[in-house]
Amino acid sequence: MTKGLRRASNAPRAWQRMLSGRRLDLLDPSPMDIEIEDIAHGLARVARWNGQTLGEHAFSVAQHSVVVEEIVAHVQPDIEPRWRLAALLHDASEYVIGDMISPFKSALGVDYRTFEDRLEGAIHIRFGLPAKAPAPIKKLIKQADRACAFFEATQLAGFAHAEALSLFGAPPEGYALAIEPWPASLAQTRYVQRFHLLSEAAGYSPAPAAFETE
């Protein structure tokens with residue numbers, strides 16, 4: 001029986017070894033091979049806007065994710081901690097596939113989306129979330145994602161204010177952000193800290209540290 005996205009039993013290797021020692025099958029990802037330390041390490045080193053941003057440091061997907069979670073809480077202060085956790089993890093699949101700009105994702109088509117969705121589902125299951133977040137939650141996270149992109153575009157990526165408004169819409173009322181890109185080590189640390197805080201607030205038992213496994 002065909003598993004995941006695999007086409008044939010003799011297909012080339014499609015797994016990646018992580019620093020935790022896990023081997024993640026990219027075509028049929030198992031939640032048991034996913035560790036938050038690997039995600040944080042990878043996302044802290046993946047640059048938004050393909051690295052075309054101002055500053056000494058790239059604006060990482062890890063830092064972007066921390067900001068998106070903050071915006072979600074600003075828009076809906078009474079949101080459950082588990083959905084704030086979902087917001088933090090909204091781009092977690094990019095620790096494997098990198099951060100492709102939206103126009104390129106669209107050009108790649110359905111196969112890319114299917115791959116991304118499968119990996120996201122495995123990540124959610126690993127950390128106690130439903131494989132797919134409810135539609136209102138996904139809409140809220142997307143709103144926060146676009147708001148963060150607005151600030152990134154105007155402060156880091158060279159977009160004019162009017163152009164950013166036309167592409168991403170206006171940020172939420174009452175929310176302001178001055179972006180200072182973090183070094184990778186700080187982005188990684190902050191991401192892990194938020195993960196553990198939100199996981200515990202959501203009532204999930206913290207998993208053993210991945211780097212303590214054999």
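Leaving aside residues up to four places away in sequence, Ile34 touches Leu24, Ile39, Tyr95, Ala122, Ile123, Arg126 and Phe127, where contact means heavy atoms within 4.5 Å. This is a predicted model, in which local features need pLDDT of at least 70, side-chain atom pairs count only at pLDDT 80 or more, and totals for chains, interfaces and linings use all residues. Residues are numbered from 1 along each chain as its sequence is written, and side-chain values use heavy atoms, with hydrogens and water left out.

The largest nonpolar core has 60 residues, and Ile34, Ile39, Leu89, Tyr95, Ile123, Phe127 and Tyr191 touch the most other members. Such a core is a set of buried Ala, Val, Leu, Ile, Met, Phe, Trp, Tyr and Cys residues joined through side-chain atoms within 4.5 Å. Helix H7 gives the most to this core, with 10 residues.

## Helix H2

Helices here are DSSP runs (H or I, at least four residues), numbered from the N terminus. In H2, 12 of the 15 residues are buried, so the helix is largely enclosed by the rest of the structure; buried means under 20% relative accessible area, exposed over 50%, and partly exposed in between (1.4 Å probe, protein chains only). The cover over its buried residues includes helices H1 (36-43), H3 (81-88), H4 (94-97), H7 (135-155) and H9 (184-201).

## Lys138 on H7

Lys138 is found in helix H7 and is partly exposed, with a relative accessible area of 44%. Not counting residues up to four places away in sequence, Lys138 touches Glu120 and Ala133.

How values were computed: Helix = DSSP H or I, 4+ residues; strand = E, 2+ residues; numbered from the N terminus.
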